[in-house]
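Open the model in your viewer and keep the selection tool at hand. Each stop below says what to select and what is there.

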Amino acid sequence: MIIAKRKPLDEIMDGVAGYSRVLLAGCGTCVAVCLAGGEKEVGLLSSQLAIASELKGRRIDLGEVTVERQCDREFLDELRYVIQDYDAVISLACGVGIQFLADQYPNKVILPGVDTTFIGANEEAGYWTERCRMCSRCYLAQTGGICPITICPKSLLNGPCSGTREGMCEVDPSKPCAWAAIYDRLEGTGRLEHIQEILPPRNHALTTTPQTLIHKAYKRRYSVHD
Amino acid sequence: MTRFKEILTSGKFVVTVELDPPKGVNTQPFVETVNLLKDRVDAFNVPDNRSACIGMSSVAGAVLARNQGAESICTFACRDRNRMALCSDLLGMYSLGIENVLMVTGDYFSFGDSPQSKPVFDLDSVQAVRMARELEQGNDAGGNALDGVPSFYIGGVANPQANPMAPHFNKFLKKIRAGVEFIQTLDVYDMKRLDTFMGQAKKENIPIIVGIRVVDKRTVDLQLLGKLSGNPIPDSWIHELADLDERSLLESGKRKALELIKSVQMSGLAAGVHLSAGDPAACLPEILSEAGI
């Protein structure tokens, strides 16, 4: 899922400095799970903004709303009648949701309330780790289910750098070296031949932004041809 | 054939010296060090933003050293340039008369002085070596034909103290398959581990030049701050060094470097030594004399 973290309160306060009616819009999916922008975080931010504004002698009318997903127009339609009462909206969705909300309501000021950080896994309560860089060409079959693009800070494809220290990463000694882990996994499953050949350079043309994906079953609908 | 290749393939015990190009445009100290040492060593390695610290380009440094009559080995780090920039700089380097290349991945930015830089790492060192070999075949990284082809003497890096060794050795073999013709190692402190690596690497029949650092106060400080890239100074020694004043610490560093050079000379397994020092002009002449070089 997408992991995000709440922006510092001061930055959010600066963003809404010129507005007196502000809607806080949460998202009930990824950012709710990672405790950055769900219904509870909307409530918390609302209280913080109210107190901070009061202390500065400012008055802001704050509204709160949380939709199922801000990355889906169907759910953004629900905001149609709420949003018209506000000058600005702080979206606590990921960067996708924030942009989608701004697209849907182009005459409103839409401001980010979170910094979107990575695609990750839920390790334990309140603890997430990055696992995928969305490179559009998955190497996990060759690398034993451990992604060198993501887990190695240098995204090396042909083995570790010379900085591995006792099996740990030189860049962050608290983390295992991706290539030491890949080697162990492949050795343990009898697949070392997968990393004996030289992997060619990545095709970065696959990740030219912004990307679009249309499922093959829908190509006729959108007049897209191979 | 480059002069360095001739020397290395002749079987002579070679000495290379790491020499940082200036941080800035004052080339005088760099040139003076080249002139002080050039008749006593076989080549100068010119690092490419060593330890992720910004400095003058390695190509410019290599040309400056060559202009003094010295042999240069120009480092190319994959950290800062994509495949297009690596290609164009390799072609430019060759056209300026430098053919010795050391292809490295490059230390991460967290060790350097510009930690907010964008990591490039478009290619890894294995892929970069293969790309340079493709240039020699007349093709650039996009498979497009070149008008006039270069010829390089390409080296790579290995770490005899890598732990675990198996994945590292696998990459070492890939570098050889990609086309490296010589190896320069990271700084080595542990002769036992070096001997094990050299024994394992022997059948690959590639000249290996062993990295030896003259440890000084800066090296110790960087390690204590967790900012020293490459192999750490052994725990047993750094505790002893940390208590010394700057001068005594450097003396200890010089003694240890000399001891390691002699061990490498005596072992007969390595092609030579690659020396690094904070101030090569100040401490290498004495060490070279004592080592009989």
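Select Gly230(B): leaving aside residues up to four places away in sequence, Gly230(B) touches Ser162(A), Gly163(A), Leu186(B) and Asp187(B). Touching, or being in contact, means that two C-beta atoms, placed from the backbone, lie within 7 Å.

A word on the model and its labels. This is a predicted model, in which local features need pLDDT of at least 70 and side-chain atom pairs count only at pLDDT 80 or more, while totals for chains, interfaces and linings use all residues. Residues are numbered from 1 along each chain as its sequence is written, and chains are lettered from A and ligands numbered from 1 in the order in which they are written.

Stay with Gly230(B). Its loop runs between α8 (217–224) and α9 (235–242) of chain B. Helices (H or I, at least four residues) and strands (E, at least two) are DSSP runs, numbered from the N terminus. Is Gly230(B) buried or exposed? Gly230(B) is buried, with 21 other C-beta atoms within 10 Å. The cut-offs are 20 or more other C-beta atoms within 10 Å of a residue's own for buried, 12 or fewer for exposed, and in between for partly exposed, with C-beta atoms placed from the backbone.

Select residues 272–277 of chain B. This is strand β8, and six of its six residues are buried, so the rest of the structure largely encloses it. Show the side chains. Gly272(B), His274(B) and Ser276(B) point one way; Val273(B), Leu275(B) and Ala277(B) point the other way. In a regular strand the side chains alternate between the two faces of the sheet.

Val14(B) has Gly272(B) as its bridge partner.

**All of chain B**

Zoom out. Chain B has eleven helices and eight strands. Its radius of gyration, taken over C-alpha atoms, is 18 Å, close to the 19 Å from the globule rule for 293 residues, so chain B is as compact as a globular protein of that length. The rule is 2.2 Å times the number of residues to the power 0.38. Buried residues make up 48% of the chain.

**Where the chains meet**

Show both chains. Here 28 residues of chain B are in contact with 24 residues of chain A. On the chain B side, the elements giving two or more residues are α5 (125–136) and α6 (165–178). Which gives the most? That is α6(B), with eight residues.

**The helix α3(A)**

Last stop: select residues 39–55 of chain A. Which residues of α3(A) are buried? They are Glu41(A), Val42(A), Leu45(A) and Leu49(A). Their arc around the axis is only 100°, which puts them on the same side of α3(A); the arc is that of the directions from the helix axis to the C-beta atoms. What covers them includes β1 (2–6), α1 (9–15), β2 (21–27) and β3 (61–67) of chain A. Turn to the face away from the buried side: exposed there are Lys40(A), Ser47(A), Ile51(A), Glu54(A) and Leu55(A).

Methods. Pairing = 2+ DSSP bridges.
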